[in-house]
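Okay, everyone, thanks for coming. Let me put the model up, and then I'll walk you through a few parts of it.

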Amino acid sequence: METSSKSVQKVMPQYTVTLKPIYSCPASEIPIDVKLPPRWTLSWHQLETWKAILDPDIDVIFNRAMTGDGKSLAAYLAALQGCLPVIGLYPTNELARDQMSQIEGYIKQFEPSNEPRINRLSGAELELYAEQEGLSKAAAIATRTRQSEILLTNPDIFHYLHRGAYLTNKDSPDKLWNRLDKLFDLFILDEFHVFTAPQVASLLNTMLLIRRTNRQKKYLFLSATPDEQLLDKLDKAGFRYRCIDPVKENKYQFPSDHLQVEQLERQGWRQVALEIALSFIPLELNVQAVEAWLKENKEQILQQFLNHPGTKGAIILNAIATVKRLVPIFRELFASSGLTVGENTGLSGKQDKARSLKCDLVFGTSTIDVGVDFKINFLIFESSDAGNFIQRLGRLGRHECYERDGQTITFKNFTAYALVPKFLVERLFDADSPPLVFDGQYDRPDFNEAIQENYRKINNFAGYYQRWGAVQSFRLWYDLKHPSLPTQYAASRDKFREDCETVFGTSLTRAAGCVKKWAREWQELSAKKGNPIFNDAASFRGSSPLQCGLYDLTENDGGDRFKTYDLPGILSNLEIETWTEKGFMESLTATTARFGQPIPRGRFHHCLAFMKLRGYREERLNWRFSYSGSLQAIADVWKVQVLVGIEVWQPDNPWIRDINRRLRQQGLVCYVLPRPVAEVRQRLQLPMHFALYPISDATSVHESTSPYSIAIGQAALLLDTLAYRFKSEGGEVWIC
């Protein structure tokens, strides 16, 4: 197999390794009650997952099979056998849509006797379905769940249903979740590794609520690393779990030659990934470095496609704005050679995403479709951490061929370029005892371990559970006392409280005291009812106080022009024109009428501002938050608080005054630290995309580096779990 990676090499040195192909062990014996399509078999981990799902002594299952080894089939096999109704929870709507297509294919192939009905439920689809059927959202949810044996949604909706969302004041809090929990027996959580502490705490709280108010259920975690924190909490809660780990059980093989390959294939082992040539490109640790390298090496990237006709490639980056700036450059260059370039990001319209799957090269910001519907043999990718690196690389080498115009095109090589910080390359190749050597050959588990051990360690916010997890618990516990609920919940409520206090290591009485204090402080500050801190702490992902409505003039398809984007990204990357909410909504209504296709409005109801997107800046612009008073006293409190009067300082921005007029009236849940952003990021080991921003006050607005940092919303709660480390006495401060 050809593994040369010399097409893309300019000035950058080549740190290249070869990753051996991966073969997955077959199940030793298929049970007689498992009905498979003709000539199908199961992998070891798929059968073990099936057994664990049916085992009454197991509550939680972790499937740690590698990317491309059929975890989706393992998850839905019970539903395909007519055994269990299933809910699949996916972190993005795109992933849920992709999985729905895959499961529909399984249903056609397996032809289950019960003909399971499959539906998808997102916030936008719920809104449209309710409008089309003339139903309330609660009635629409009830109808969709009742009509499904397989329901795909996101954990956000799952969480909010258990919090009593979509209900009126007259409804019982359990109107929706009680029915949902009774109808479904298996809850699948995919891409679990992307969730941070607030989402994990939400899921733990929901699991505890379901256990105390319904029958015992099953939970299957996919793409999950069961860390000690999570396992400890499952132990404390009394959940019985099993980890299905093919690597640990030696159920993967990594052949080095054709003789080993032939032997494995004779024994029924299935190829999961092909051999890959991977080159590391060391870059400076700044946002411009990746973009600059791609621009400098665009001719060499094109040469890869010309040297290897039939190549299909993907470039997966971290920032949408970077993709938007690069796509026109590569599209023009590739067109001169008769090749096409597409875009597939969170801001891409549906038609653009569909068209991208037919292109030769696709730019994107996630791995949805890449390696599944869009089969590739060439990959350039950026990463934010070890898990992200491994997950993105796992999209390459999954397919030997693809179909084009009725012809089968066979890939001849699989090549990847990882755009990584210099320090990672130094640790991997230039250390005293480096884990990798030039031109070395590696099994995937050994390689993955080297990446995990040497990539920059990031904080997992382990302190969040004790400091904020019980606030989520309090909300659920409080709702169980609602007068409309049946009396049998009284005992459930007491047991739920005991569980939560055991799992999170604190009392709900203390959490209740904090909730009352926050409400009183907010009323004194704003003369309004409400509780912003409690709302963020009790939510799944937190609020989005800086979200803006965008009318995207760069989008060709009118129906896809209505989007949302956070203000920090707009300030850095976008060329915009301010607009009124009235004008935005009138345009949305007119577009709906013109295309005959309804556009969901719910996501625009709480936007800070509305704008027309005219283009993407070639260079990022600097900006910072500002505060008219002194921040010293605010920072000295060392806790989460609600601030009013925050603005944006960006002197050359002609429209910032309009934004500030709205922004300074907002009550923002904040944590302010008396340290510059760079220092806070480094000392607290914050993830690359952690929402931390510079902020100045009246005494420091003209300083080149802002002496303060601010986190807003749920990021403020996360920062609260770490910020005490900056205090001179090193003592921890309770959330109140």
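Let's start with the second largest pocket: by class, its lining has 11 nonpolar, four polar and seven charged residues. For those classes, Ala, Val, Leu, Ile, Met, Phe, Trp, Tyr, Cys and Pro are nonpolar, Asp, Glu, Lys and Arg are charged, and the others, Gly among them, are polar.

Quick housekeeping before I go on. This is a predicted model, so to speak of local features we need pLDDT of at least 70, side-chain atom pairs count only at pLDDT 80 or more, and totals for chains, interfaces and linings use all residues. Residues are numbered from 1 along each chain as its sequence is written, and side-chain values use heavy atoms, with hydrogens and water left out.

Back to that pocket. The volume is about 560 Å³, meaning the space filled by probe spheres set on the grid points, which are joined across faces, edges and corners. A pocket here is an open set of points on a 1 Å grid over the protein atoms alone, where a 1.4 Å probe fits, with protein on both sides within 12 Å along at least five of seven lines; lining residues have an atom within 4 Å of a point. There are 22 lining residues, and Pro173, Arg475, Tyr478, Asp479 and His482 lie nearest the centre. Helix H18 (464–479) and helix H20 (508–526) each supply at least two of the lining residues, and H18 gives the largest share, with five. Helices (H or I, at least four residues) and strands (E, at least two) are DSSP runs, numbered from the N terminus.

Rings of Phe, Tyr and Trp (its six-membered ring) pair if their centres lie within 6.5 Å; planes under 30 degrees apart are stacked, over 60 edge-to-face, and the rest tilted. How many such pairs are there in the whole structure? The search finds 42. Take Phe280 and Phe447: their ring centres are 6.3 Å apart and the planes stand at 45 degrees, so that pair is tilted. Phe280 sits in strand S12 (residues 276–283) and Phe447 in helix H17 (residues 444–454), so the pair ties together parts 167 residues apart in sequence. Phe280 is buried, at 0% relative accessible area, and Phe447 is buried at 0% as well. Buried means under 20%, exposed over 50%, and partly exposed in between (1.4 Å probe, protein chains only). Both rings belong to one aromatic cluster, whose members include Tyr15, Phe381 and Tyr455.

Now the sheets. One is open, with four strands in the order S22-S21-S24-S23 and mixed pairing. Strand S22 (562–566) and strand S23 (574–579) are at the edges with a single partner strand each, so one side of each has no neighbour in the sheet. Two strands pair if DSSP finds at least two bridges between them. S21 (residues 547–552) and S22 run antiparallel, joined by five bridges, with Gln547 opposite Asp566.

The other open sheet has six strands, S26-S28-S30-S29-S25-S27, again with mixed pairing. Its edge strands are S26 (641–643) and S27 (646–649), each pairing on one side only. Strand S25 (residues 624–627) and strand S29 (residues 692–696) are parallel over two bridges, and Phe625 has Ile695 as its bridge partner.

That's my tour, thanks.
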